[in-house]
Amino acid sequence: MTSRTPRDSRLRLVRPRPLAATSQAVTQHRTRRPAPRPPEGTPPPAELAVMARARLAGAARVAHWAGASLRPGRDGAAPDDKGTLSHATAERAAADLGLTAAQVSADWDTARLAGLVEVHGDSARPGWRLRAWHRDDSAVLRGWVALFDAWSLAYPEPADREHAAVAEAVSGMPQVLSFLQLSAGPVPVEQLLDLLAQRVTELRTERCEVPYGPGPAPAEAPLHGAAEHTDLAPLLDWALEALAYVGALTCADGQATLTPLGSWAVWVKLEQICVAAQSPAGNIEQNAEAMLRGCAQLRPNAARAEYRAWLAARTVGSAVTQLLDAARGEDALLRGLAFEALRVVGAPAEPEVRAVAAETPLRPYALLWLAEYDGTDPEDAYEVLTREEATWLWVDTAAAVADHGEAPLLVRHLESAVQPTVPQLLDEVRAVGHPRTVQVLVALAAAHPDPALARAVRRAAFQVHTGGS
(Lines give C-alpha, C1' and ligand atoms only; values in the text may rest on other atoms or scores of the structure.)
Protein backbone atom coordinates (compact mmCIF):
# COMPACT_ATOMS: atom_id res chain seq x y z
CA MET A 1 0.00 0.00 0.00
CA THR A 2 1.31 3.46 -0.89
CA SER A 3 1.43 6.09 1.84
CA ARG A 4 -0.34 9.38 1.17
CA THR A 5 2.38 11.21 3.15
CA PRO A 6 5.08 12.65 0.87
CA ARG A 7 8.31 10.86 1.57
CA ASP A 8 11.11 12.96 3.05
CA SER A 9 13.49 12.39 0.14
CA ARG A 10 16.99 13.50 1.01
CA LEU A 11 18.80 15.72 -1.44
CA ARG A 12 22.49 15.16 -1.97
CA LEU A 13 24.41 18.15 -0.58
CA VAL A 14 26.63 19.32 -3.40
CA ARG A 15 28.16 22.67 -4.22
CA PRO A 16 25.57 24.50 -6.32
CA ARG A 17 26.82 25.66 -9.71
CA PRO A 18 23.64 27.23 -11.10
CA LEU A 19 25.26 29.34 -13.80
CA ALA A 20 27.25 26.43 -15.10
CA ALA A 21 24.22 24.15 -14.88
CA THR A 22 22.13 26.51 -16.95
CA SER A 23 24.49 26.59 -19.91
CA GLN A 24 25.39 22.90 -19.66
CA ALA A 25 21.75 21.90 -19.55
CA VAL A 26 21.06 23.14 -23.05
CA THR A 27 24.33 22.16 -24.70
CA GLN A 28 24.41 18.42 -24.17
CA HIS A 29 24.33 17.65 -27.89
CA ARG A 30 26.66 20.33 -29.19
CA THR A 31 28.89 19.45 -32.08
CA ARG A 32 32.59 19.89 -31.56
CA ARG A 33 34.21 22.71 -33.51
CA PRO A 34 37.82 21.88 -34.36
CA ALA A 35 40.18 24.21 -32.55
CA PRO A 36 42.04 26.49 -34.98
CA ARG A 37 45.78 25.91 -35.15
CA PRO A 38 48.18 28.84 -34.77
CA PRO A 39 50.54 29.63 -37.64
CA GLU A 40 53.45 27.27 -38.19
CA GLY A 41 56.40 28.18 -36.02
CA THR A 42 54.32 29.57 -33.16
CA PRO A 43 55.80 28.33 -29.84
CA PRO A 44 53.56 26.16 -27.65
CA PRO A 45 51.63 27.90 -24.84
CA ALA A 46 54.14 26.80 -22.19
CA GLU A 47 56.99 28.56 -24.04
CA LEU A 48 54.86 31.63 -24.67
CA ALA A 49 54.06 31.74 -20.95
CA VAL A 50 57.79 31.70 -20.15
CA MET A 51 58.23 34.74 -22.41
CA ALA A 52 55.25 36.50 -20.82
CA ARG A 53 56.56 35.82 -17.31
CA ALA A 54 59.92 37.27 -18.30
CA ARG A 55 58.33 40.46 -19.62
CA LEU A 56 56.09 40.82 -16.57
CA ALA A 57 58.68 39.74 -13.99
CA GLY A 58 59.18 43.27 -12.63
CA ALA A 59 55.45 43.91 -12.43
CA ALA A 60 54.87 40.59 -10.64
CA ARG A 61 57.68 41.34 -8.17
CA VAL A 62 56.18 44.70 -7.22
CA ALA A 63 52.67 43.21 -7.02
CA HIS A 64 53.90 40.42 -4.72
CA TRP A 65 55.66 43.02 -2.58
CA ALA A 66 52.46 45.06 -2.31
CA GLY A 67 50.45 41.98 -1.37
CA ALA A 68 52.87 41.14 1.43
CA SER A 69 53.73 44.63 2.67
CA LEU A 70 50.56 46.67 2.22
CA ARG A 71 47.99 44.37 3.73
CA PRO A 72 45.29 46.04 5.86
CA GLY A 73 46.46 46.59 9.39
CA ARG A 74 50.14 46.84 8.55
CA ASP A 75 52.19 49.95 8.87
CA GLY A 76 51.95 51.98 5.70
CA ALA A 77 49.02 49.98 4.37
CA ALA A 78 46.77 52.97 3.83
CA PRO A 79 45.46 52.99 0.25
CA ASP A 80 46.95 55.51 -2.11
CA ASP A 81 44.77 57.81 -4.20
CA LYS A 82 43.00 55.89 -6.99
CA GLY A 83 45.19 52.84 -6.52
CA THR A 84 48.40 54.54 -7.63
CA LEU A 85 51.56 54.36 -5.55
CA SER A 86 52.40 57.44 -3.56
CA HIS A 87 55.98 58.68 -3.65
CA ALA A 88 56.55 57.49 -0.08
CA THR A 89 55.29 53.98 -0.86
CA ALA A 90 57.36 53.83 -4.06
CA GLU A 91 60.46 54.83 -2.09
CA ARG A 92 59.75 52.16 0.49
CA ALA A 93 59.27 49.49 -2.20
CA ALA A 94 62.45 50.63 -3.95
CA ALA A 95 64.44 50.21 -0.75
CA ASP A 96 63.01 46.74 -0.12
CA LEU A 97 63.48 45.53 -3.70
CA GLY A 98 66.76 47.21 -4.55
CA LEU A 99 65.24 49.34 -7.31
CA THR A 100 64.71 53.02 -7.98
CA ALA A 101 61.39 54.68 -7.19
CA ALA A 102 60.89 55.31 -10.93
CA GLN A 103 61.33 51.62 -11.68
CA VAL A 104 58.84 50.69 -8.97
CA SER A 105 56.26 53.16 -10.30
CA ALA A 106 56.68 51.88 -13.87
CA ASP A 107 56.37 48.24 -12.75
CA TRP A 108 53.32 49.12 -10.66
CA ASP A 109 51.62 50.71 -13.67
CA THR A 110 52.41 47.61 -15.73
CA ALA A 111 50.99 45.38 -12.98
CA ARG A 112 47.74 47.34 -13.02
CA LEU A 113 47.42 47.12 -16.81
CA ALA A 114 48.17 43.37 -16.77
CA GLY A 115 45.61 42.68 -14.03
CA LEU A 116 48.23 41.58 -11.49
CA VAL A 117 46.91 44.39 -9.32
CA GLU A 118 43.21 45.27 -9.24
CA VAL A 119 42.04 48.76 -8.32
CA HIS A 120 38.83 49.09 -6.35
CA GLY A 121 37.86 52.68 -5.69
CA ASP A 122 40.77 54.33 -3.90
CA SER A 123 42.58 51.12 -3.00
CA ALA A 124 44.34 48.29 -4.82
CA ARG A 125 44.98 44.61 -4.07
CA PRO A 126 46.64 41.63 -5.78
CA GLY A 127 44.59 40.28 -8.66
CA TRP A 128 43.61 36.67 -9.34
CA ARG A 129 46.24 36.42 -12.08
CA LEU A 130 48.95 37.07 -9.52
CA ARG A 131 47.59 34.31 -7.28
CA ALA A 132 47.77 31.92 -10.24
CA TRP A 133 51.13 33.25 -11.44
CA HIS A 134 53.27 30.16 -10.85
CA ARG A 135 50.71 27.46 -11.65
CA ASP A 136 48.52 28.70 -14.50
CA ASP A 137 50.14 29.51 -17.87
CA SER A 138 46.82 30.69 -19.31
CA ALA A 139 46.45 33.29 -16.54
CA VAL A 140 49.94 34.59 -17.29
CA LEU A 141 49.21 34.81 -21.01
CA ARG A 142 45.92 36.59 -20.38
CA GLY A 143 47.79 39.07 -18.22
CA TRP A 144 50.29 39.77 -20.98
CA VAL A 145 47.51 40.12 -23.57
CA ALA A 146 45.83 42.67 -21.27
CA LEU A 147 49.09 44.65 -21.28
CA PHE A 148 49.33 44.26 -25.07
CA ASP A 149 45.78 45.59 -25.46
CA ALA A 150 46.77 48.63 -23.36
CA TRP A 151 50.03 49.37 -25.19
CA SER A 152 49.02 52.99 -25.83
CA LEU A 153 48.60 53.51 -22.06
CA ALA A 154 51.78 51.70 -21.07
CA TYR A 155 54.08 54.15 -22.83
CA PRO A 156 53.90 57.96 -22.58
CA GLU A 157 52.32 59.46 -25.69
CA PRO A 158 54.09 62.31 -27.56
CA ALA A 159 53.66 65.56 -25.68
CA ASP A 160 53.78 67.68 -28.83
CA ARG A 161 50.87 65.94 -30.60
CA GLU A 162 47.16 66.58 -30.29
CA HIS A 163 45.10 63.90 -28.60
CA ALA A 164 42.93 63.53 -31.72
CA ALA A 165 45.98 62.74 -33.87
CA VAL A 166 47.24 60.21 -31.31
CA ALA A 167 43.79 58.59 -31.21
CA GLU A 168 43.77 58.26 -35.00
CA ALA A 169 47.17 56.56 -34.94
CA VAL A 170 46.04 54.17 -32.20
CA SER A 171 42.88 53.34 -34.20
CA GLY A 172 44.98 52.60 -37.27
CA MET A 173 47.53 50.34 -35.59
CA PRO A 174 45.44 47.11 -35.57
CA GLN A 175 45.70 47.06 -39.37
CA VAL A 176 49.46 47.61 -39.11
CA LEU A 177 49.79 44.78 -36.61
CA SER A 178 47.69 42.47 -38.80
CA PHE A 179 49.99 43.21 -41.75
CA LEU A 180 53.04 42.47 -39.61
CA GLN A 181 51.52 39.18 -38.47
CA LEU A 182 50.64 38.09 -42.01
CA SER A 183 54.10 39.09 -43.25
CA ALA A 184 55.70 36.73 -40.70
CA GLY A 185 59.00 38.60 -40.82
CA PRO A 186 60.67 42.02 -40.84
CA VAL A 187 58.75 44.82 -42.60
CA PRO A 188 60.28 48.23 -43.48
CA VAL A 189 58.94 51.03 -41.30
CA GLU A 190 58.34 53.12 -44.45
CA GLN A 191 55.91 50.46 -45.68
CA LEU A 192 54.12 50.50 -42.34
CA LEU A 193 53.90 54.29 -42.54
CA ASP A 194 52.15 54.02 -45.93
CA LEU A 195 49.70 51.53 -44.46
CA LEU A 196 48.99 53.68 -41.40
CA ALA A 197 48.45 56.78 -43.56
CA GLN A 198 46.02 54.85 -45.73
CA ARG A 199 44.10 53.63 -42.68
CA VAL A 200 43.92 57.11 -41.13
CA THR A 201 42.58 58.46 -44.43
CA GLU A 202 39.91 55.74 -44.40
CA LEU A 203 38.93 56.64 -40.85
CA ARG A 204 38.56 60.30 -41.79
CA THR A 205 36.52 59.38 -44.85
CA GLU A 206 34.21 57.25 -42.72
CA ARG A 207 33.67 60.31 -40.52
CA CYS A 208 33.09 62.43 -43.64
CA GLU A 209 35.96 64.72 -42.65
CA VAL A 210 37.39 67.28 -45.02
CA PRO A 211 41.14 67.98 -44.61
CA TYR A 212 41.47 71.07 -42.46
CA GLY A 213 44.00 73.89 -42.38
CA PRO A 214 45.95 75.46 -45.25
CA GLY A 215 46.62 72.99 -48.01
CA PRO A 216 46.31 72.29 -51.69
CA ALA A 217 43.08 71.81 -53.56
CA PRO A 218 41.55 68.32 -53.82
CA ALA A 219 43.15 67.87 -57.25
CA GLU A 220 46.55 67.96 -55.57
CA ALA A 221 45.76 65.25 -53.04
CA PRO A 222 49.16 63.49 -53.41
CA LEU A 223 50.87 66.53 -51.88
CA HIS A 224 48.48 66.38 -48.97
CA GLY A 225 49.37 62.69 -48.61
CA ALA A 226 53.05 63.55 -48.36
CA ALA A 227 52.33 66.08 -45.63
CA GLU A 228 50.24 63.47 -43.85
CA HIS A 229 53.17 61.07 -43.92
CA THR A 230 55.31 63.74 -42.26
CA ASP A 231 52.71 64.22 -39.53
CA LEU A 232 52.23 60.49 -38.94
CA ALA A 233 55.88 59.45 -38.89
CA PRO A 234 56.52 60.53 -35.26
CA LEU A 235 53.27 58.90 -34.19
CA LEU A 236 54.19 55.62 -35.87
CA ASP A 237 57.61 55.76 -34.20
CA TRP A 238 55.90 56.26 -30.85
CA ALA A 239 53.49 53.37 -31.49
CA LEU A 240 56.30 51.02 -32.46
CA GLU A 241 58.30 52.03 -29.38
CA ALA A 242 55.26 51.43 -27.17
CA LEU A 243 54.60 48.01 -28.70
CA ALA A 244 58.29 47.16 -28.28
CA TYR A 245 58.05 48.27 -24.64
CA VAL A 246 55.26 45.77 -23.92
CA GLY A 247 57.16 43.02 -25.76
CA ALA A 248 55.02 42.73 -28.90
CA LEU A 249 57.65 43.62 -31.49
CA THR A 250 61.25 44.64 -32.11
CA CYS A 251 62.63 47.46 -34.26
CA ALA A 252 66.09 47.50 -35.83
CA ASP A 253 67.69 48.82 -39.03
CA GLY A 254 64.49 50.57 -40.11
CA GLN A 255 62.42 47.39 -39.89
CA ALA A 256 59.80 46.07 -37.45
CA THR A 257 59.22 42.43 -36.55
CA LEU A 258 56.61 40.90 -34.27
CA THR A 259 57.97 38.83 -31.39
CA PRO A 260 56.56 35.30 -30.98
CA LEU A 261 54.28 36.68 -28.24
CA GLY A 262 53.13 39.55 -30.42
CA SER A 263 52.51 37.33 -33.45
CA TRP A 264 50.52 34.87 -31.34
CA ALA A 265 48.42 37.62 -29.73
CA VAL A 266 47.55 39.23 -33.07
CA TRP A 267 46.67 35.82 -34.52
CA VAL A 268 44.39 35.06 -31.57
CA LYS A 269 42.53 38.34 -31.99
CA LEU A 270 42.15 37.88 -35.75
CA GLU A 271 40.90 34.33 -35.18
CA GLN A 272 38.33 35.48 -32.64
CA ILE A 273 36.91 38.06 -35.01
CA CYS A 274 36.86 35.63 -37.95
CA VAL A 275 35.15 32.90 -35.91
CA ALA A 276 32.45 35.29 -34.73
CA ALA A 277 31.95 36.84 -38.17
CA GLN A 278 31.65 33.41 -39.82
CA SER A 279 29.33 31.88 -37.24
CA PRO A 280 25.92 30.78 -38.60
CA ALA A 281 24.09 33.45 -36.62
CA GLY A 282 26.56 36.22 -37.46
CA ASN A 283 26.93 36.90 -33.74
CA ILE A 284 29.34 39.81 -34.05
CA GLU A 285 26.67 41.90 -35.82
CA GLN A 286 23.74 40.90 -33.60
CA ASN A 287 22.31 42.67 -30.60
CA ALA A 288 23.10 41.23 -27.18
CA GLU A 289 20.04 38.99 -26.95
CA ALA A 290 20.56 37.43 -30.39
CA MET A 291 24.28 37.04 -29.72
CA LEU A 292 23.64 35.23 -26.44
CA ARG A 293 21.13 32.89 -28.09
CA GLY A 294 23.71 32.11 -30.76
CA CYS A 295 26.32 31.37 -28.10
CA ALA A 296 24.00 29.06 -26.15
CA GLN A 297 24.91 26.18 -28.46
CA LEU A 298 28.66 26.66 -28.19
CA ARG A 299 31.14 25.10 -25.82
CA PRO A 300 32.36 27.42 -23.03
CA ASN A 301 35.70 28.33 -24.64
CA ALA A 302 34.10 29.00 -28.02
CA ALA A 303 31.37 31.07 -26.37
CA ARG A 304 33.96 33.19 -24.56
CA ALA A 305 35.72 33.80 -27.87
CA GLU A 306 32.40 34.95 -29.32
CA TYR A 307 31.84 37.26 -26.36
CA ARG A 308 35.29 38.79 -26.79
CA ALA A 309 34.78 39.39 -30.51
CA TRP A 310 31.33 40.88 -29.93
CA LEU A 311 32.69 43.14 -27.19
CA ALA A 312 35.61 44.24 -29.34
CA ALA A 313 33.18 45.67 -31.90
CA ARG A 314 31.46 47.92 -29.33
CA THR A 315 32.27 50.46 -26.68
CA VAL A 316 32.40 48.93 -23.21
CA GLY A 317 29.56 51.09 -21.86
CA SER A 318 27.21 50.20 -24.71
CA ALA A 319 28.05 46.49 -24.49
CA VAL A 320 27.48 46.30 -20.74
CA THR A 321 24.15 48.14 -21.05
CA GLN A 322 22.97 45.75 -23.77
CA LEU A 323 23.98 42.68 -21.77
CA LEU A 324 22.18 43.87 -18.65
CA ASP A 325 19.07 44.69 -20.68
CA ALA A 326 19.13 41.14 -22.06
CA ALA A 327 19.53 39.81 -18.50
CA ARG A 328 16.38 41.67 -17.45
CA GLY A 329 14.26 39.76 -19.97
CA GLU A 330 12.03 36.79 -19.27
CA ASP A 331 14.45 34.11 -20.51
CA ALA A 332 16.43 32.84 -17.55
CA LEU A 333 19.00 31.19 -19.82
CA LEU A 334 19.94 34.58 -21.28
CA ARG A 335 20.29 35.92 -17.75
CA GLY A 336 22.98 33.39 -16.91
CA LEU A 337 24.73 33.79 -20.26
CA ALA A 338 24.69 37.59 -19.99
CA PHE A 339 26.63 37.43 -16.74
CA GLU A 340 29.06 34.94 -18.31
CA ALA A 341 29.70 37.56 -21.00
CA LEU A 342 30.12 40.21 -18.30
CA ARG A 343 32.84 38.03 -16.77
CA VAL A 344 34.73 38.49 -20.02
CA VAL A 345 34.25 42.28 -19.74
CA GLY A 346 35.84 42.21 -16.28
CA ALA A 347 36.69 45.34 -14.30
CA PRO A 348 34.97 47.93 -16.55
CA ALA A 349 31.62 46.28 -15.82
CA GLU A 350 31.95 46.44 -12.02
CA PRO A 351 30.03 49.72 -11.39
CA GLU A 352 27.06 48.62 -13.50
CA VAL A 353 26.98 45.12 -12.01
CA ARG A 354 27.18 46.55 -8.50
CA ALA A 355 24.26 48.86 -9.33
CA VAL A 356 21.96 46.06 -10.57
CA ALA A 357 22.56 44.05 -7.39
CA ALA A 358 19.59 46.00 -6.03
CA GLU A 359 17.27 44.45 -8.66
CA THR A 360 15.73 41.22 -7.34
CA PRO A 361 15.92 39.13 -10.55
CA LEU A 362 19.57 40.06 -11.15
CA ARG A 363 20.78 40.20 -7.55
CA PRO A 364 22.02 36.58 -7.16
CA TYR A 365 23.88 36.73 -10.48
CA ALA A 366 25.38 40.12 -9.63
CA LEU A 367 26.51 38.97 -6.17
CA LEU A 368 28.22 35.88 -7.62
CA TRP A 369 29.89 38.03 -10.28
CA LEU A 370 31.15 40.50 -7.68
CA ALA A 371 32.39 37.72 -5.39
CA GLU A 372 34.42 36.15 -8.19
CA TYR A 373 35.66 39.59 -9.25
CA ASP A 374 36.85 40.18 -5.67
CA GLY A 375 38.90 36.99 -5.84
CA THR A 376 36.59 34.37 -4.34
CA ASP A 377 37.01 30.92 -5.84
CA PRO A 378 34.05 30.25 -8.20
CA GLU A 379 33.38 27.02 -6.30
CA ASP A 380 32.86 29.01 -3.09
CA ALA A 381 31.21 32.14 -4.50
CA TYR A 382 27.69 30.84 -3.76
CA GLU A 383 28.37 31.31 -0.05
CA VAL A 384 27.82 35.07 -0.48
CA LEU A 385 24.13 34.37 -1.18
CA THR A 386 21.50 34.26 1.51
CA ARG A 387 19.26 31.20 1.66
CA GLU A 388 16.49 33.17 -0.03
CA GLU A 389 18.78 34.44 -2.81
CA ALA A 390 20.13 30.93 -3.42
CA THR A 391 16.58 29.59 -3.65
CA TRP A 392 15.59 32.33 -6.11
CA LEU A 393 18.60 31.43 -8.25
CA TRP A 394 17.70 27.73 -8.04
CA VAL A 395 14.22 28.46 -9.41
CA ASP A 396 15.60 30.77 -12.10
CA THR A 397 18.09 28.13 -13.23
CA ALA A 398 15.36 25.49 -13.18
CA ALA A 399 13.27 27.74 -15.42
CA ALA A 400 16.14 27.89 -17.92
CA VAL A 401 16.48 24.10 -17.82
CA ALA A 402 12.73 23.62 -18.22
CA ASP A 403 12.63 25.98 -21.22
CA HIS A 404 15.76 24.80 -23.01
CA GLY A 405 16.87 21.49 -21.53
CA GLU A 406 15.58 17.96 -21.08
CA ALA A 407 13.54 16.33 -18.31
CA PRO A 408 16.41 14.28 -16.78
CA LEU A 409 18.47 17.45 -16.42
CA LEU A 410 15.66 19.11 -14.49
CA VAL A 411 15.50 16.11 -12.14
CA ARG A 412 19.28 16.26 -11.59
CA HIS A 413 18.95 19.99 -10.87
CA LEU A 414 17.39 18.98 -7.53
CA GLU A 415 20.87 18.06 -6.36
CA SER A 416 22.05 21.67 -6.51
CA ALA A 417 19.43 22.95 -4.05
CA VAL A 418 20.73 24.21 -0.70
CA GLN A 419 17.81 22.65 1.17
CA PRO A 420 18.51 19.18 2.60
CA THR A 421 14.99 17.78 1.95
CA VAL A 422 12.33 18.09 -0.70
CA PRO A 423 9.64 19.40 1.71
CA GLN A 424 12.00 22.17 2.86
CA LEU A 425 12.82 23.01 -0.73
CA LEU A 426 9.15 23.21 -1.67
CA ASP A 427 8.33 25.41 1.33
CA GLU A 428 11.12 27.86 0.54
CA VAL A 429 10.48 27.85 -3.20
CA ARG A 430 6.84 28.76 -2.52
CA ALA A 431 7.91 31.56 -0.17
CA VAL A 432 10.52 33.13 -2.44
CA GLY A 433 7.94 34.43 -4.90
CA HIS A 434 9.71 33.75 -8.20
CA PRO A 435 7.33 34.46 -11.11
CA ARG A 436 8.17 31.12 -12.77
CA THR A 437 7.61 29.00 -9.66
CA VAL A 438 4.43 27.32 -10.89
CA GLN A 439 5.84 26.40 -14.31
CA VAL A 440 9.04 25.06 -12.73
CA LEU A 441 7.20 22.89 -10.23
CA VAL A 442 4.78 21.54 -12.84
CA ALA A 443 7.68 20.66 -15.13
CA LEU A 444 9.57 19.01 -12.27
CA ALA A 445 6.50 16.98 -11.25
CA ALA A 446 6.02 15.77 -14.81
CA ALA A 447 9.69 14.79 -15.11
CA HIS A 448 10.36 13.10 -11.77
CA PRO A 449 10.10 9.28 -11.76
CA ASP A 450 9.14 9.06 -8.06
CA PRO A 451 5.30 9.16 -7.96
CA ALA A 452 5.08 10.30 -4.33
CA LEU A 453 7.59 13.11 -4.82
CA ALA A 454 5.91 14.13 -8.07
CA ARG A 455 2.55 14.37 -6.25
CA ALA A 456 4.09 16.56 -3.54
CA VAL A 457 5.64 18.86 -6.12
CA ARG A 458 2.38 19.04 -8.10
CA ARG A 459 0.48 19.89 -4.91
CA ALA A 460 2.95 22.69 -4.16
CA ALA A 461 2.50 24.05 -7.68
CA PHE A 462 -1.29 24.06 -7.22
CA GLN A 463 -0.98 25.88 -3.89
CA VAL A 464 1.25 28.54 -5.40
CA HIS A 465 -1.18 28.93 -8.30
CA THR A 466 -4.24 29.30 -6.10
CA GLY A 467 -2.52 31.23 -3.33
CA GLY A 468 -3.40 28.54 -0.81
CA SER A 469 -1.29 26.95 1.89
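## Basis of the model

Residues are numbered from 1 along each chain as its sequence is written, and side-chain values use heavy atoms, with hydrogens and water left out. In this predicted model, local features need pLDDT of at least 70 and side-chain atom pairs count only at pLDDT 80 or more, while totals for chains, interfaces and linings use all residues.

## The chain as a whole

The protein chain has 23 helices and 5 strands. Both are DSSP runs numbered from the N terminus: helices are H or I with at least four residues, strands are E with at least two. The chain holds 469 residues, and 45% of them count as buried. Buried means under 20% relative accessible area, exposed means over 50%, and partly exposed lies in between (1.4 Å probe, protein chains only).

The chain exposes about 23800 Å². Carbon and sulfur atoms supply 55% of that area. Accessible areas come from the Shrake-Rupley method with a 1.4 Å probe; for residues, only the protein chains shown count as cover. Contacts are also worth a look: heavy atoms within 4.5 Å make one. Among contacts between residues at least 6 apart in sequence, 68% join residues at least 24 apart.

Helix α13 covers residues 288-295. Its buried residues are Ala-288, Met-291, Leu-292 and Cys-295. Seen down the axis of α13, they fall within an arc of 100°, so they line one face of the helix. The arc is that of the directions from the helix axis to the C-beta atoms. The cover over these buried residues includes α14 (300-312), α15 (316-327) and α16 (332-345).

Ile-284 sits in the loop between α12 (260-277) and α13. Ile-284 is buried, with a relative accessible area of 15%. Its C-alpha atom is separated by 7.4 Å from that of Glu-306. Along the chain, Ile-284 and Glu-306 are 22 residues apart.

## Aromatic rings

A pair of aromatic rings is described by the distance of the centres and the angle of the planes. Rings of Phe, Tyr and Trp (its six-membered ring) pair if their centres lie within 6.5 Å; planes under 30 degrees apart count as stacked, over 60 as edge-to-face and the rest as tilted. The count comes to 5 aromatic pairs. In one of them, the rings of Trp-144 and Phe-148 have centres 5.5 Å apart and planes at 15°, so the pair is stacked. Trp-144 and Phe-148 both lie in helix α7 (residues 137-149). They are 4 residues apart, about one turn of the helix. Both are buried.

Trp-151 and Trp-238 form a tilted pair, with 5.5 Å centre to centre and 50° between the planes. Trp-151 lies in helix α8 (residues 151-154) and Trp-238 in helix α11 (residues 221-245), so the pair ties together parts that are 87 residues apart in sequence. Trp-151 is buried at 7% relative accessible area. Trp-238 is buried too, at 4%.

A charge also sits over a ring. The rule asks for NZ of Lys or CZ of Arg within 6 Å of the ring centre and within 35 degrees of the ring normal. Arg-55 lies over the face of Tyr-245, at 4.9 Å from the ring centre.

Strands of a sheet pair through backbone hydrogen bonds, either parallel or antiparallel. Here 3 strands form an open, antiparallel sheet in the order β3-β5-β4. The edge strands are β3 and β4, and each pairs on one side only. Two strands pair if DSSP finds at least two bridges between them.

β4 and β5 pair over 4 bridges. Thr-250 has Thr-257 of β5 as its bridge partner, and Leu-249 stands opposite Leu-258 in β5. Pro-188 stands opposite Gln-255 in β5. Strand β5 has a covered face, Ala-256 and Leu-258. Its uncovered face holds Gln-255 and Thr-257.

Asp-253 lies in the loop between β4 (249-252) and β5 (255-258). The hairpin of these strands has 2 residues between them, and Asp-253 takes a positive phi near 55° there. Asp-253 is not a glycine. Its relative accessible area is 79%, and it counts as exposed.

Ala-184 lies in the loop between α9 (163-183) and β3 (187-188). Ala-184 has a positive phi of about 55° although it is not a glycine. Ala-184 is exposed, with a relative accessible area of 70%.
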